[in-house]
Amino acid sequence: MSTRRYDKTEQVDLSDEPVYWDLGSSLSYGEYLQLDKILDAQQPLTSEHDEMMFIIIHQTSELWMRLFRHELQGVLECVRRDDLDPSFKMLSRISRVQQQLLATWDILSTMTPSDYSAFRNALGRSSGFQSVQYRLLEFQLGNKNAQMIAVHERDPKAYAALRHALEAPSLYDEVLRLLSRRGYGIPEEYLSRDFSEPYRASKQVAGAWLAVYHNSEKDWDLYELAERLVDLDHKFQLWRFNHVKAVERIIGYKPGTGGTSGVSYLMKALELKFFPELWQIRTSM
């Protein structure tokens with residue numbers, strides 16, 4: 001039996017690979033992705049080791065939310081034109097994005113209370129509560145709360161975007177309009193309401209969804225859409241729960257840097273549902 005010595009690093013043979021060593025006028029990988037901007041955006045305010053991780057976790061979460069919003073806009077357009085098949089791929093991608101967002105809490109939870117306390121004061125009043133993208137997502141999905149945009153008045157562009165999302169029909173509003181166009185009985189006051197107001201669950205809307213489930217062979221795409229929405233809502237609730245537990249683990253019941261009560265405030269959102277009737281009808285089926 002022969003043995004082979006691994007006493008030196010072996011290199012991959014590139015002699016037969018037509019590598020473009022000279023890029024000429026073409027964009028490089030870093031230039032295309034603008035990595036100089038992205039990788040220069042981590043600027044810790046202290047010398048504490050864990051602050052870099054804290055910054056990167058929140059920056060990557062914002063990037064995932066950016067993709068979430070991009071896919072959600074595509075879903076909205078599909079619903080408006082009653083062409084649901086392409087939306088299912090987008091909703092599937094959103095589901096995978098949500099898995100990535102859930103995973104960020106696992107990494108953040110490697111930080112101990114003393115690790116965070118070492119740089120927390122440097123954050124001042126900055127807080128995830130002020131995330132424009134998170135608030136846009138909640139508004140676009142249907143959790144409307146006009147109070148939430150007040151903290152963004154110092155940023156006219158962000159404030160205008162949030163005001164627009166607050167007053168526009170949410171994804172659920174557009175889905176209910178689609179149900180109405182398909183002949184399912186949605187009350188008129190739900191089709192042309194003040195969309196800046198929080199959505200209130202309706203027995204008639206629940207009845208319409210129940211009819212969709214009973215007619216799944218005829219309107220399979222509506223049935224499939226309903227299940228994809230439940231999945232989205234479910235994962236959003238898991239994200240909120242993991243957020244609460246990560247905060248509780250790291251700071252206990254201290255107030256948040258943004259002025260909220262911290263864990264107590266976050267727990268208020270745990271029962272929120274974007275698509276309430278889709279949960280209610282499960283008891284009736």
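**Note on helix packing and selected loop residues**

1. Helix 3 and helix 4 are roughly antiparallel to each other, a label given to angles over 145 degrees. Their packing angle is about 165°, and the axes lie 9 Å apart; helix 4 covers residues 85-108, while helix 3 spans 50-80. Axes here are lines fitted to C-alpha atoms, for helices over the stretch in contact, with angles from 0 to 180 degrees between N-to-C directions. The crossing of helix 3 and helix 4 is left-handed, meaning that the near helix is turned anticlockwise from the far one by less than a right angle. Sorted by class, the contact of helix 3 with helix 4 has 18 nonpolar, seven polar and two charged residues. Ala, Val, Leu, Ile, Met, Phe, Trp, Tyr, Cys and Pro count as nonpolar, Asp, Glu, Lys and Arg as charged, and the others, Gly among them, as polar.

2. On the basis of the note: this is a predicted model, in which local features need pLDDT of at least 70 and side-chain atom pairs count only at pLDDT 80 or more, whereas totals for chains, interfaces and linings use all residues. Residues are numbered from 1 along each chain as its sequence is written, and side-chain values use heavy atoms, with hydrogens and water left out. Helices are DSSP runs (H or I, at least four residues), numbered from the N terminus.

3. Helix 10 and helix 11 (residues 220-251) have axes that come within 8 Å and cross at roughly 120°. That makes helix 10 oblique to helix 11, oblique being whatever is left after under 35 degrees (roughly parallel), 65 to 115 (roughly perpendicular) and over 145 (roughly antiparallel). This contact divides into six nonpolar residues, no polar and one charged. From helix 10, Trp 209, Val 212 and Tyr 213 meet Leu 222, Tyr 223, Ala 226 and Glu 227 of helix 11. The crossing of helix 10 and helix 11 is left-handed.

4. Helix 6 (residues 132-141) is mostly covered, with nine of its ten residues buried, that is, under 20% relative accessible area with a 1.4 Å probe, protein chains only. Among the buried residues are Arg 135, Glu 138 and Phe 139. The buried residues of helix 6 pack against helix 3, helix 7 (156-167), helix 8 (171-181), helix 11 and helix 12 (263-267); contact means heavy atoms within 4.5 Å. Gly 142 follows helix 6 and has a positive phi, near 120°.

5. His 152 sits in the loop between helix 6 and helix 7. His 152 counts as buried, at 5% relative accessibility. Apart from neighbours within four places in sequence, His 152 is in contact with Gln 130, Ser 131, Val 132, Tyr 159 and Leu 162.

6. Arg 193 lies in the loop between helix 9 (188-191) and helix 10 (203-214). Its relative accessible area is 17%, so Arg 193 is buried. The side chain of Arg 193 makes a polar contact with the side chain of Asp 173 (3.1 Å). Such a contact is a pair of N or O atoms within 3.5 Å; within protein, one must be able to donate a hydrogen and the other to accept it, and residues adjacent in sequence count only if both atoms are side-chain atoms.

7. Tyr 253 is in the loop between helix 11 and helix 12. With a relative accessible area of 53%, Tyr 253 is exposed, the cut-off being over 50%. The side chain of Tyr 253 makes a polar contact with that of Glu 248 (3.2 Å). The C-alpha atoms of Tyr 253 and Ser 264, eleven residues apart along the chain, are separated by 7.4 Å.

Note on methods
Helix = DSSP H or I, 4+ residues; strand = E, 2+ residues; numbered from the N terminus.
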